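Please look at the sequence and the model first.

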Amino acid sequence: MEKSRKTFVNKVDQMLAAASSMHRDELLFSYKGILYPAAVYSPEVFQALESFEARSDDVILAGYPKTGTNWLSQILSDLVAISQKKTPGSESSVKAEEVEELPYLEVGDAEKYERMSKYPSPRFMVTHLRPENLPKSIFKNRVKILLLIRNPKDVATSLYHFYNDVTTLPSYETWDDFFTDFVAKKTAWGSYFEYLSEWNKYADQENIMTITYEEVKENPALAVKTIATFFGIPLTEEELQLVVERCSFQSMKKNSEKTHGEFGNVLFRKGCVGDWKNLFTEDQSKKIDNAFEEHMAGTKLGKKLKYDLYCKA
Ligand code: PAP
């Protein structure tokens, strides 16, 4: 197994184990008004993150949890690896697969950012944070960001199952209870609608490319090609096909024991569009329609989501 995946699996296993011995009331903590799982995040690391120095050639994937960040992470890290292989001189530096950090920018220990300052470019990182909670240097240095979004009803559905399947989050007795908290902004990572409207303020910047879960699902080859072009990574037809094949839901699920350990069983759930129809009542559906209208109607990200196509029964 690649060293970086071993690191990932070990660190995630440790977090899952730590959370299983925590009391339900201790599982979440609030930072700047948003709830986070305490076995994964800490206020000290959030504070240390503020002084992180981004580089203009960093590669960042931003996505609210359950929007498919592990999927796009696989695509992006494959693309970065392809690009590094072709870069003269990169063989002599620390290889991406030898970097012993979790890819999540805001997860780890407070010394992580010092270590990251020594890693070779391009550094790849993932974040679940809203833009106002990211270090200023990311925007100052105009780092290229791939912003991943997914229709809100499937995000709520996926998050509900995640809450009940993972030890780091307190489970819910019913979908209705979860839904009430989701709408009241009482679930981890805060309101998805606020997340979308904060990111919408950046959606016109040329260093930010937005992609939806649904469009990658619809045409993965086109998505991989567009992403590679945005990051300036040339791809042969063969390389493109290889990335597409490695990133299909079936391949990733099959490989998940190696890439994600135990966590893989929780993460690769259904991988489809429209699973919300199995959970939502008409009234709940209407509530999300209203929230979408209130926060996102007429916005760039709102249009990109093709709400009527994916969220109307
Ligand atoms: P995280 O926030 O826990 O990191 P994230 O990776 O962002 O989760 O999203 C997980 C979702 O992406 C799951 O959706 P589901 O619950 O509706 O099934 C997961 O199945 C889906 N997913 C992961 N990999 C793929 C893939 N290769 N193709 C399609 N969907 C995928």
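In this chain, residues 24 or more positions apart account for 74% of the contacts with a separation of 6 or more, a contact being heavy atoms within 4.5 Å. This is a predicted model, in which local features need pLDDT of at least 70 and side-chain atom pairs count only at pLDDT 80 or more, while totals for chains, interfaces and linings use all residues. Residues are numbered from 1 along each chain as its sequence is written, and side-chain values use heavy atoms, with hydrogens and water left out.

**Overall form**

- The chain has 17 helices and 6 strands; these are DSSP runs numbered from the N terminus, with helices being H or I of at least four residues and strands E of at least two.
- The radius of gyration is 19 Å, close to the 20 Å that the globule rule gives for 313 residues, so the chain is as compact as a globular protein of that length. The radius is taken over C-alpha atoms, and the rule is 2.2 Å times the number of residues to the power 0.38.
- Along the principal axes, the C-alpha atoms fill a box of roughly 60 × 40 × 40 Å.

**Burial**

- Of the 313 residues, 53% count as buried (buried is under 20% relative accessible area, exposed over 50%, partly exposed in between, with a 1.4 Å probe and protein chains only).

**Charges and salt bridges**

- There are 41 positive and 46 negative side chains, where Lys and Arg count as positive and Asp and Glu as negative, and His and the chain ends are not counted.
- The chain has 18 salt bridges, each a side-chain nitrogen of Lys or Arg within 4 Å of a carboxyl oxygen of Asp or Glu.
- Lys-153 and Asp-289 form a salt bridge at 2.9 Å, N to O. The pair links distant parts of the chain, with Lys-153 in helix α6 (residues 152–165) and Asp-289 in helix α15 (residues 282–296), 136 residues apart.
- Lys-153 is buried at a relative accessible area of 0%, and Asp-289 is buried at 13%.
- Lys-304 forms a salt bridge with Glu-215, the closest N and O atoms being 2.9 Å apart. Lys-304 lies in helix α16 (residues 300–304) and Glu-215 in helix α9 (residues 213–218), so the pair ties together parts that are 89 residues apart in sequence.
- Lys-304 is partly exposed at 31%, and Glu-215 is partly exposed at 30%.
- Lys-270 forms a salt bridge with Asp-275, with the closest N and O atoms 2.8 Å apart. Lys-270 is partly exposed at 43%, whereas Asp-275 is buried at 7%.

Technical notes. The place of a charge is taken as NZ of Lys, CZ of Arg, CG of Asp or CD of Glu.
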